[in-house]
Amino acid sequence: MFPDLAGRRALVTGGTRGIGRAVVLGLARAGATVVAGHQRQTEEAESLRRELKDTGGDHLLVQADVADPGQITELVEATGTHLGGLDIVVNNVGTISHIPYAQLPLDEWTQVLTTNLTATHLVTQGALSLLGDSGSVINIGSGSGVVGLPLRAHYTAAKTGLIGLTRSLSKELGVRGIRVNLVSPGVIETHHAEGIDPAVKAAYTNRIPLGRIGTAEEVAAVVLFLASDVSSYVNGATFAVDGGI
Ligand code: NDP
């Protein structure tokens with residue numbers, strides 16, 4: 001099932017849980033060497049370290065809060081030192097909250113825009129010199145950013161912004177051989193989705209043609225496709241991984 005990524009070097013943000021974790025493990029099992037960013041020292045980070053060790057590669061976990069531009073610089077520098085360059089960047093970090101728009105505080109707006117959109121911009125810009133004249137950048141958006149959903153105007157604005165960033169960079173960086181694409185998951189069974197009201201989740205699931213919530217591995221499979229040469233002519237695209245909703 002995995003494309004061959006032997007010899008490829010990858011940076012994944014938010015790599016210790018959920019979709020990011022599935023991407024990190026998928027890349028590592030496909031032969032890539034991976035630097036995984038994360039925010040906190042958790043049991044999930046420790047268990048990922050152990051699982052990565054079993055893949056046999058020289059992978060690295062780096063603790064860096066992507067809300068802090070200085071820590072993004074440190075993450076990218078640590079990546080350069082460890083890998084010597086980059087072939088794949090997966091901008092996966094994203095945070096969400098569910099708040100009526102009329103009560104949405106400015107600091108919450110700023111926090112969600114920062115972790116979803118500004119962090120993707122800063123990681124990608126910082127990684128450019130490591131990518132050189134080839135590579136694949138994959139941004140993780142959301143169905144919210146495509147259709148717009150209530151109670152998350154800030155999150156939706158950030159995720160729609162990622163579509164624009166992806167399209168613009170696919171043209172500006174495409175001319176130098178760097179492909180930029182976006183994966184747009186529907187509801188996926190992760191910690192991130194735990195905050196969704198159970199009734200809302202059930203109603204949503206009823207509307208999914210495939211009749212179920214997705215898994216992190218099903219999103220990672222599309223990320224691996226975009227990371228590999230199998231997708232060599234795919235650039236500036238948005239891939240929905242949402243069961244058809
Ligand atoms: P999770 O909440 O399960 O995992 C988030 C990951 O990001 C963790 O590794 C966490 O690290 C890390 N992280 C969070 N905040 C920061 C930060 N400030 N700095 C560095 N790392 C951070 O998320 P998902 O896997 O569910 O989501 C991944 C992406 O997919 C997000 O962009 C999300 O918006 C998108 N998405 C998810 C959907 C879903 O239903 N799950 C649906 C649509 C889109 P730590 O554990 O150390 O905090």
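The largest share of the shell around the ligand comes from helix α1, which gives 3 residues; helices (H or I, at least four residues) and strands (E, at least two) are DSSP runs, numbered from the N terminus. The model is a predicted one, in which local features need pLDDT of at least 70 and side-chain atom pairs count only at pLDDT 80 or more, while totals for chains, interfaces and linings use all residues. Residues are numbered from 1 along each chain as its sequence is written.

Of the 31 residues around the ligand, G14, G18, G94, T190 and H192 come nearest; a residue counts as near if its C-beta atom, placed from the backbone, lies within 6 Å of the molecule. Two or more residues of the shell are given by each of α1 (18-29) and β2 (33-38). By class, the shell holds 10 nonpolar, 17 polar and 4 charged residues, where Ala, Val, Leu, Ile, Met, Phe, Trp, Tyr, Cys and Pro count as nonpolar, Asp, Glu, Lys and Arg as charged, and the others, Gly among them, as polar.

We turn next to the strands. Strand β1 (residues 9-12) runs parallel to β2, joined to it by 4 bridges, and pairs with strand β4 (residues 88-91) in the parallel sense over 3 bridges; pairing requires at least two DSSP bridges between two strands. A10 has bridge partners on both sides, namely V34 in β2 and I88 in β4, while L11 is partnered by V89 in β4. From β1, R9 and L11 point one way and A10 and V12 the other, and all are buried, that is, with 20 or more other C-beta atoms (placed from the backbone) within 10 Å of their own, against 12 or fewer for exposed and in between for partly exposed.

β4 in turn is joined to the parallel β5 by 4 bridges, with V90 bridged to I138. Right-handed β-α-β units are made by β1, α1 and β2 and by β4, α4 and β5; right-handed here describes a path that, with the strands pointing away from the viewer, runs clockwise from the first strand over the helix to the second.

V90 and I138 return as contacts of V223, as do V23 and V183, leaving aside neighbours within four places in sequence (contact: C-beta atoms, placed from the backbone, within 7 Å). Along with L27, V223 touches the most other members of the largest nonpolar core, which has 60 residues; such a core is a set of buried Ala, Val, Leu, Ile, Met, Phe, Trp, Tyr and Cys residues joined through C-beta atoms within 7 Å.

Key:
Two residues are in contact if their C-beta atoms, placed from the backbone, lie within 7 Å.
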